[in-house]
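Open the model in your viewer and keep the sequence panel beside it. The tour below goes from one selection to the next and says what is there.

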Amino acid sequence: MIVRTQPGISITTAPSPVGGSSGRRGWVVLAICCLSLFVVGLDTTMVNVALPAIGRDLNVGTSGLEWTVNAYTLVLASLLISSGAVADRVGRRRVFQLGLLVFGVASAACALAPSIGLLIGARVVQGVGGSMLSPVALAIVVNVITDPKERARAIGVWAAVFGVSMAAGPVTGGALVESLGWRSVFWFNVPVVVAVLLLTAFFVPESRGQQPRRLDVPGQLLLIVMVGGTVAMLIEGPRIGWVSPVALIGYAVVAAATAGFVWTESRRREPLMDLGLFRRKPFTGAVVGAVVVFVALNATLLLGTLYLQDSRGMSALAAGAVTLPMALGATVCAPLSGILVGRVGPRRPLLIAGAFTTLGGLCLVALDDDTSILVLLLAYLLLGIGFGFSNAPITNTAVNGLPADRSGVAGGLTSTARQFGAALGVALAGGVIATATPADLADASRPGWILVACCGLLVLLVARVSPTAGKSS
């Protein structure tokens, strides 16, 4: 039997070469792969905390800071599916090791970057490496741990590790920035990557898919133009003018790429994206839900970081501590959401996620420079609970009722949607405060918090098309 964890990554359920699910070595492999996930998740949240320090040191405004985040996220979103297909064809361990090497070297380049242009370029390379890590590492884990019950436990550990990295990121990043400067946030990755590379060489077995998918080069190139162009226009729109000739050309390029992508993918035997999945309302709802949840999350991270440090004058460490309730709420509620999905289906957890996200955003709509810290802590806690309850039902809704050979494709599409949502959230939030001074930042950010609350309302709508327990569509 073959199941697919990501597009192009086929996992056989035969006993693994490291002793199958009962082998202690299988859990060592899980620990190694989780370490790679941890450092990638930690990097994302630490970079957000470091943004004000980067802006001051490199003398860059909001647009440059947006690109510092989105250069990584856009590349990750665009290459996530193709990296899985390459790993299935040439070997998962090989691609995983290459991804680690690229990510580590790019992290060092980020730490050494003397200008914002070189920092953004290094972040692009980091995104290339990151695209080879999470999906491929998960495929390695599923291939090694073959018993269904132990595999479920392993995936639960996998999800929890990402939550822990999110919880540790703001405080760890704040401490590093305060004590060693923003460059230490990137140097932190290097020794961890070296350790994972060495452990992978000794303990991780090589594996390939039995039915590797063909690479869809035209679809991949069009996806890059489509995703990158959309976010680029949102970031640069305030600077170049929304109806300037350059902007109009940009809109035309994005529209042509989108039309070309749909035309190309609908005619390929093995497309990068299976557009036929969008005929299922639950799946379409899940993709929309993945986008809007990560729009809300990343808008919150950007707006909150700049408000706390620039408007309130907090240190990076103090700002990280204020956001800690969000991370803790997400960490605690993510496994609870998974349990609830198993018992009653995805609809109720999505309703909870949408309600708490909406309330969290509304708490900050009236934000000003004197807003009580208790209000901020409450808002972050509500948002964390909302984010924690969202991921499990979205993934479940996407793959529920699909045969095994399509469930991985669906999972890969929702992963791509999450990363696109992350880039979109940064771009939209950055556009809201693009021209604001630190003194005006609180007032300028209010439309951003309305956006977060509206994302919560959209999640409530997604819940209406999500199945309950025992129903597949």
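**Stop 1: Leu451**

Select Leu451, which lies in helix α18 (residues 446–464). Helices (H or I, at least four residues) and strands (E, at least two) are DSSP runs, numbered from the N terminus. This is a predicted model, in which local features need pLDDT of at least 70 and side-chain atom pairs count only at pLDDT 80 or more, while totals for chains, interfaces and linings use all residues. Residues are numbered from 1 along each chain as its sequence is written, and side-chain values use heavy atoms, with hydrogens and water left out.

Is Leu451 buried or exposed, or something in between? Its relative accessibility is 24%, so Leu451 counts as partly exposed (buried means under 20% relative accessible area, exposed over 50%, partly exposed in between, with a 1.4 Å probe and protein chains only). Not counting residues up to four places away in sequence, Leu451 touches Val295 and Leu428; contact means heavy atoms within 4.5 Å.

**Stop 2**

Select residues 281–311, which are helix α11. At 1.5 Å a residue, its 31 residues should span 45 Å, and the end C-alpha atoms are 43 Å apart, which agrees. The expected span is 1.5 Å times one less than the number of residues. Of the 31 residues of α11, 27 are buried, so the helix is largely enclosed by the rest of the structure. Just after α11, pick Gly313, which takes a positive phi of about 70 degrees.

Next select Arg418 in helix α16 (residues 404–432). Arg418 counts as buried because its relative accessibility is 12%. Which residues does Arg418 touch, leaving out those up to four places away in sequence? They are Ala290, Phe294, Asn391, Ile394 and Thr395.

**Stop 3**

Go to Gly169 in helix α6 (residues 148–180). At 0% relative accessibility, Gly169 counts as buried. Its contacts, not counting residues up to four places away in sequence, are Leu42, Thr45, Met46 and Gly174. Asn48 is 121 residues from Gly169 in sequence and 9.2 Å from it in space, C-alpha to C-alpha.

Then select Asn59, in the loop between α1 (24–58) and α2 (62–90). Asn59 is exposed, with a relative accessible area of 73%. Its phi is near 55 degrees, a positive value in a residue other than glycine. Most residues other than glycine have a negative phi.

**Stop 4: α13 and α14**

Show helix α13 (residues 324–344) and helix α14 (residues 347–363), which pack at an angle of about 140 degrees with their axes 7 Å apart. The two helices are therefore oblique to each other (under 35 degrees counts as roughly parallel, over 145 as roughly antiparallel, 65 to 115 as roughly perpendicular and the rest as oblique). Ser337, Leu340, Val341 and Val344 in α13 meet Arg348, Pro349 and Ile352 in α14.

**Last stop: the whole chain**

Colour the chain by pLDDT, the predictor's confidence in each residue, from 0 to 100. The mean for the protein chain is 82, and 87% of its residues reach 70 or more. Confidence is lowest in strand β1 (residues 2–6), at a mean of 40, and highest in helix α7 (residues 183–187), at 94. The protein chain has 18 helices and 2 strands, and 57% of its 473 residues count as buried.

Methods: Axes are lines fitted to C-alpha atoms, for helices over the stretch in contact, and angles run from 0 to 180 degrees between N-to-C directions.
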